[in-house]
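Open the model in your viewer and keep the sequence beside it. The tour below goes from one selection to the next and says what is found at each stop.

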Amino acid sequence: MKTQKIYFTAIAGLALLCINTAFACTGITLTTNDDAIIVARTMDWSREEMDSFYLIAPRNYMHQSMLPNGDSGGMIFAGKYGYVGLGLEMSEFVIDGINETGLSAALFYFPEYGKYEQYDPTYKSHTLSDAQVVSWILSQFSNIDELKEAIKNIRIVHVDPRIDTLHWRITEPSGRQVIMEITDNGHVNFYDSKLGVFTNAPNYPWHLKNLNNYVNLKPGTAGPVQFGPITLRAFGAGSGLLGIPGDFTPPSRFVRAAFLQTYALKQNTAYDAIATAFHILNNFDVPLGVQFAPGAAPDDMPSATQWTIASDTKNKIVYYHTMYNRTLRMIDLSNIDFQTVEFQTHPLDITRTENIIPAQINTAQQNQ
């Protein structure tokens, strides 16, 4: 494993990237007629391109938590389960993934609303960095109840205070899903996520209450309505959702995702639902520039949505595409022997170009 000094250097570099960075991810959950659960999300980071990778971790792989100030002796945990995840910058920073039991875990940015415990070296052997919570969950648990019990005995902390707080979505293959948020100096809150939608701040209960502001929205076309002496008619289909927020703030993305997910046609199979998930999340791709003042946006990458992932927890398959290449790629966990496979990471894009296939054209002259 890496030394603690390298850990701290890497996380400090990540902190510098996070400062004043728009980190605006959107998550949805789909169910199918054959009882598959699809969890999907965008990974948005608008300041600069991140070093994104996918990771395969075997059973029994030894993890150790980073600690503040380059301290050593953080919590050590051996993997009970193998897992696949997508991450950023360093192999310890896994953003989203599933393990061999089908349990899914993902982190989302939660600025200003979370509050962890203060780091106390007395408890460092039971201390876990927030950036490694996803790895801990995926390597240790097969269900949410196990997580709830185990988290009572650990302390989740910042490694670098320049990185704002996080919150997490955890999903079982059964469809049970919870949101985990840490507030009030380390108090861990679990919220049942029956809706399956997730974004960023404020806290999860606030987002659910905010949906009441859109009680008038509905699928289909509104009207016609008699308006005094005239009749009002919609200009086109879909006017029942007129007024749905279109900006990229977390509350607006939550509302938009909730309605699009809820009213999307339920699919028969996981394969079909994966396609639906990516179509829904296309609505949340962030064009580079819209989150900055004019002239302040970087101009060296194609999108602020750096990648999108959808995981089939029933069949244990991870799908993703990136801002460079919209072709869907897949990692099938059933093809991995987690007892013997080596720990490994690979870049999401081998070449950073779109996979463009020329259309077939018949050039033969027709008989006159």
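Begin by selecting residues 94-99, strand S7, together with residues 104-109, strand S8: the two run antiparallel and are joined by three bridges. Strands here are DSSP runs of E with at least two residues, helices are runs of H or I with at least four, and both are numbered from the N terminus. Within this pair, pick Gly97, whose bridge partner in S8 is Ala105. This is a predicted model, in which local features need pLDDT of at least 70, side-chain atom pairs count only at pLDDT 80 or more, and totals for chains, interfaces and linings use all residues. Residues are numbered from 1 along each chain as its sequence is written, and side-chain values use heavy atoms, with hydrogens and water left out.

Now return to the loop between S7 and S8 and select Glu100. Its side chain makes a polar contact with the side chain of Arg59 at 2.9 Å, a polar contact being a pair of N or O atoms within 3.5 Å where, within protein, one must be able to donate a hydrogen and the other to accept it, and residues adjacent in sequence count only if both atoms are side-chain atoms. A polar atom of the Glu100 side chain also lies 2.7 Å from the backbone nitrogen of Gly82.

Terms used
Two strands pair if DSSP finds at least two bridges between them.
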